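Hello,

Here is the structure I promised to pass on to you. Have a look at it first, and then read on for what turned up in it.

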Amino acid sequence: MAKISIIGPAHPLRGGLATFDHRLAKAFQEMGHTCAIWSFALQYPSFLFPGKSQFTDEPAPENILIHTKINSVNPLNWIRTGNTLAKEAPDIVVVRYWLPFMGPALGTILRLVRKNKKTKIICIADNILPHEKRPGDKPFTRYFIKACDAFITMSEKVLTDLRIFTSKPAVLVHHPLYDTFGTPVSKEVAREHLNLPTEEKIILFFGFIRKYKGLDLLLKAFSDLMQDAQRITHNAERIERETADGSDQKLEIKLLIAGEFYEDATAYQELIGQLNIRDQVILKTDFIPDSEVRYYLCAADLLVQPYKNATQSGVTPLAYYFEKPMVVTNVGGLPSLVPHGKSGLVAEPEPAAIATAIKEFFQLGADHFIPHLRTEKQKYSWDRLVTAITDLADKIHNNDPQK
């Protein structure tokens, strides 16, 4: 069994990266390895962080050792941390890479770790090229990549981007299911908990709100739905009620937006007003703590990911775990994660196509998708990721950062 250190965000930092790292540490431990997480004392300077807070008030995960050490902007800290971790001499360092801003800090720490001539360094690359480009992206990424031995990517898109920089060993392993948010609850219980309408259909947009995630496309698609007078049925249930004389009325459907704005909310608020859909849109735009996640997924009829560009998404494994059908756009790794007509529907990233896919979902009904969701979700285990990491480490012989 191996001694493993994960470098990445962890409690009290919040968000999907921290949740992933906690669950990965648990998976290593369940397979008999020892594991600790080396997290950030300072992840982002406050002026660079787009949200309201970097920290959670929720309790720390049980039985996981977390070293809160790394300062992303202090080179002296990088040297201290690298030397300390080198002396710890783990068999494997698993390092998360999601943003070029982290390249100098992580690349320096890893170069010092490598000097012990023992530790194998495996990167889990969430992104190689960022969604929003900034000066320094490529040199920072190149500096980081040279300090790693091998890579795990979670989409073909990231694997393709990685090959721009290196031919080092790399394996594609899809994002495992998040199973740490509690057991599913009934739709009725979830809606009561969140004070949501009990009878209407609910479409869910979930996660941090950033430009590349295409919320504006979904708002326009939803407006199209509201203006569409054609009749849509969901098996025997009608989501568009008819008046006594048979004339059509608006769809009885709501759009639930759940997640914190990571950019200025003004443009979205103005768009909602311009589209005249304010009464049909439910905004829950504070940070969603882990203890509340299951209620949002369980309350929805459909999850929509209207991304303009993407690598993979941590929201997709959530949908699989809670067996929630999806509409995703035909960008990045999303279509390979959501087989069209099975786990969900794939649409082009433009409002009319998204609206058509949503209507098709309600015509088919959720029962069409549930068996496929249950079959597909079996592919996304944490054991598979752990095995891929340890197998890669076993194959590494030459600890040369320049190769």
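In what follows, two residues are in contact when they have heavy atoms within 4.5 Å. Please keep in mind that this is a predicted model.

Let me start with the domains. The protein is divided into two parts: domain 1 covers 3-176 + 381-398, and domain 2 covers 187-240 + 250-379. Taken over C-alpha atoms, the centres of domain 1 and domain 2 lie 31 Å apart. On the domain 1 side, 22 residues are in contact with domain 2, and 25 residues of domain 2 take part in return.

How much area is buried between domain 1 and domain 2? The value is about 1900 Å², and carbon and sulfur atoms give 50% of it. Three residues stand out here: Arg14, Glu58 and His131 supply 29% of the area that domain 1 buries against domain 2, more than any other three residues.

The rule finds one salt bridge across the interface of domain 1 and domain 2. Arg14 forms a salt bridge with Glu260, and their closest N and O atoms are 2.3 Å apart. Sorted by class, the side of domain 1 that touches domain 2 has 10 polar, seven charged and five nonpolar residues.

His11 and Pro12 are joined by a cis peptide bond, with omega at about 10°. Pro12 sits in the loop between strand S1 (3-7) and helix H1 (16-30).

Two residues have a positive phi without being glycine. One of them is Ala89, with a phi of about 50°. Ala89 is found in the loop between helix H2 (75-88) and strand S4 (92-97). The other is Asn276, whose phi is near 60°. Asn276 belongs to the loop between helix H8 (266-274) and strand S12 (281-284).

Asn276 has a relative accessible area of 60%, which is over 50%, so Asn276 counts as exposed.

Note on methods: Residues are numbered from 1 along each chain as its sequence is written. This is a predicted model: local features need pLDDT of at least 70, side-chain atom pairs count only at pLDDT 80 or more; totals for chains, interfaces and linings use all residues. Side-chain values use heavy atoms; hydrogens and water are left out. Domain bounds come from an automatic or database domain assignment. Buried area is the accessible area (1.4 Å probe) that two parts lose on being put together, summed over both. A salt bridge is a side-chain nitrogen of Lys or Arg within 4 Å of a carboxyl oxygen of Asp or Glu. Ala, Val, Leu, Ile, Met, Phe, Trp, Tyr, Cys and Pro count as nonpolar, Asp, Glu, Lys and Arg as charged, and the others, Gly among them, as polar. Helices (H or I, at least four residues) and strands (E, at least two) are DSSP runs, numbered from the N terminus. Buried means under 20% relative accessible area, exposed over 50%, partly exposed in between (1.4 Å probe, protein chains only).
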